[in-house]
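Open your viewer and keep the selection tool ready. We will go from stop to stop, with something to select at each one.

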Amino acid sequence: MIKFLTLVGNYFILLKKVFSKPEKPSVYYKQTMRELVFLGLNSVGIIAIISFFMGAVITLQTAYNTENPIYPKYLIGLGCRDSMILEFSSTISALILAGKIGSNIASEIGTMRVTEQIDALEIMGVNSASYLILPKLVATIIFNPILTLLAIAVGITGGGLAGWFSGVVTPESYIYGIQYEFIPYYITYSEIKTVFFAFIITSISAFQGYYVEGGSLEVGKASTKAVVYSSLLILLFNVILTQLLLS
Amino acid sequence: MITVKNLNKSFNGHRVLENISVVFETGKTNLIIGQSGSGKTVLLKSIVGLHDADSGEVWFEDTLFNKLPFLEKKVIRSEMGMLFQGSALFDSLTVEQNVQFPLDMFTNKTNEEKIERVNFCLKRVNILNSNQLFPSELSGGMKKRVAIARAIALNPKYLFCDEPNSGLDPLTAIVIDELIKELTMEYSMTTIINTHDMNSVMEIGEKIIFISKGLKCWEGDKNEILISDCGPLNDFVFANSLAKRLRSEYRK
């Protein structure tokens, strides 16, 4: 228990350092732009591919489970839309990003720790926590909501194409379904979740990397822990935020 | 001048430094020597504030450094340069960007002025035509020299070197030693070097302290080290058979 509380305490101490005043805002701005490319733009491909196939599978599974003629075909489009917006675009994408960018952040910062690059920053008088972590946090909080919107669009498109090519639903029915009783707040809900998940992925992974002690083996372990803890917290906060935002 | 008074440091109950007191003089190459695991690096990191000492004082001129709050420490840290054992160059930055980094962070120079300063520092350490290379493309000796260039970019008052010769061949090691000594005199810095390389000791050891098992056992210069009566120091200095033979001939 004491170990757990120490861990939580160290996490918040690190966050306090991260959110202290930057030494040179122009340098932080450049770093943020760099992170937007590394952590954001470079994730577009994987999110697009995964969302496309998720949308396709949701459409096919909904179709095979609603073969009864009493269910209208447009329900397939509606099911795909709501599944993508409410859950898959934010939560599943966040879990994938926890694996991709979470391990990347933990191993990058962890390697900098064990090769004394963080010490070099500290010696220069740079707030290493803020310099290394704040631009990553800002970049993911800005870009992950964009990735979520992309995931929704690509997923619904993938679902439509899968339905059309497999013949389980006509394009007209599918398009009617994705427009049927659309609730714009669902997008807001999904984006709010994404912002929380982006913060969790980046801060937990950076925390794991920042306090690494040892060598390459420990960096690997920190990277694994970053993915596991981020994923668990994403699932926990998914429940909490759903209860708070949709109840 | 850096003054250390009664410094103690332990990790998980294991005492690593015990009551260390020493004065490191300005314009001199001050060496901390000792066996691996004797506490040299912990002492150096405690002086620069990377480790918090359990007790004791570290004075930079008239400022009690180790008791300063974080923000005030940063002011003195901007006057420090440090060369790490593994060079600690930033992997994602080129040679030029590495040397320019402290200038970006702490000066308001124009880009042209920064590049001019970077080129001056790189030329001073004999790194030419390598501005756009990444650290992974450099040899061990080049990495050390780039790290020295980065350390002197802001004209520091204090230079700290943690085993600057580790992993280098004897000739390159001498080049690095000479460079550090020249820079120390040129900029009148207070330089502290951690080493267990006896070549360095004999080349540049203007003031030397010997640490064994966390205790300061001896203090002197490179001439006095050969005639010391300190047992652990003699075991360290005359560790190999050639050195032992030379000592016996020297005493005769």
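**Stop 1**

Select Ser89(A), Ser90(A), Ser93(A), Ala94(A), Leu97(A), Asn144(A), Thr148(A), Thr194(A), Phe197(A) and Ala198(A): they line the second largest cavity. A cavity is a set of points on a 1 Å grid over the protein atoms alone where a 1.4 Å probe fits but cannot get out, and lining residues have an atom within 4 Å of a point. The volume of this cavity is about 40 Å³. A volume here is the space filled by probe spheres set on the points, with grid points joined across faces, edges and corners.

Before moving on, note what you have open. This is a predicted model, where local features need pLDDT of at least 70, side-chain atom pairs count only at pLDDT 80 or more, and totals for chains, interfaces and linings use all residues. Residues are numbered from 1 along each chain as its sequence is written, chains are lettered from A and ligands numbered from 1 in the order in which they are written, and side-chain values use heavy atoms, with hydrogens and water left out.

Now colour helix 4 (74–114), helix 6 (128–166) and helix 8 (185–210) of chain A; each supplies at least two residues of this lining. Helices (H or I, at least four residues) and strands (E, at least two) are DSSP runs, numbered from the N terminus. Which helix gives the most to the lining of the second largest cavity? Helix 4 of chain A does, with five residues.

Colour the lining by class. Ala, Val, Leu, Ile, Met, Phe, Trp, Tyr, Cys and Pro count as nonpolar, Asp, Glu, Lys and Arg as charged, and the others, Gly among them, as polar.

**Stop 2: Ser190(A)**

Stay in helix 8 of chain A and select Ser190(A). Is Ser190(A) buried or exposed? Ser190(A) counts as buried because its relative accessibility is 0%. Buried means under 20% relative accessible area, exposed over 50%, and partly exposed in between (1.4 Å probe, protein chains only).

Show its surroundings. Beyond its neighbours within four places in sequence, Ser190(A) is in contact (heavy atoms within 4.5 Å) with Ile85(A), Ser89(A), Ser90(A) and Thr148(A). Draw a distance from the Ser190(A) side chain to Ile85(A): a polar atom of that side chain lies 3.0 Å from the backbone oxygen of Ile85(A).

**Stop 3: chain A as a whole**

Zoom out. Chain A has nine helices and zero strands. Its C-alpha trace spans about 70 × 40 × 35 Å along its principal axes. Of its 247 residues, 49% are buried.

**Stop 4: the largest cavity**

How many cavities of 30 Å³ or more does a search of the whole structure find? The search finds two. The largest has a volume of about 140 Å³. It has 14 lining residues; select those closest to its centre, Met124(A), Met80(B), Gly81(B), Arg150(B) and Ala151(B).

**Stop 5: the largest pocket**

A pocket is an open set of grid points with protein on both sides within 12 Å along at least five of seven lines. The largest pocket holds about 1900 Å³ of space. Of its 44 lining residues, select the closest to the centre: Arg113(A), Tyr210(A), Tyr211(A), Glu213(A) and Leu50(B). Helix 1 of chain A gives the most to this lining, with seven residues. The classes here are 15 nonpolar, 11 polar and 18 charged.

**Stop 6: the largest nonpolar core**

Select Ile47(B), Phe60(B) and Phe160(B), which touch the most other members of the 73-residue largest nonpolar core. Such a core is a set of buried Ala, Val, Leu, Ile, Met, Phe, Trp, Tyr and Cys residues joined through side-chain atoms within 4.5 Å. Helix 6 of chain A brings the largest share, 10 residues.

**Stop 7: Glu206(B)**

Finish in the loop between helix 7 (198–204) and strand 9 (207–212) of chain B, at Glu206(B). Glu206(B) counts as partly exposed because its relative accessibility is 28%. A polar atom of its side chain lies 2.7 Å from the backbone nitrogen of Thr29(B).

Conventions:
Polar contact = N/O pair within 3.5 Å; in protein donor to acceptor, adjacent residues only side chain to side chain.
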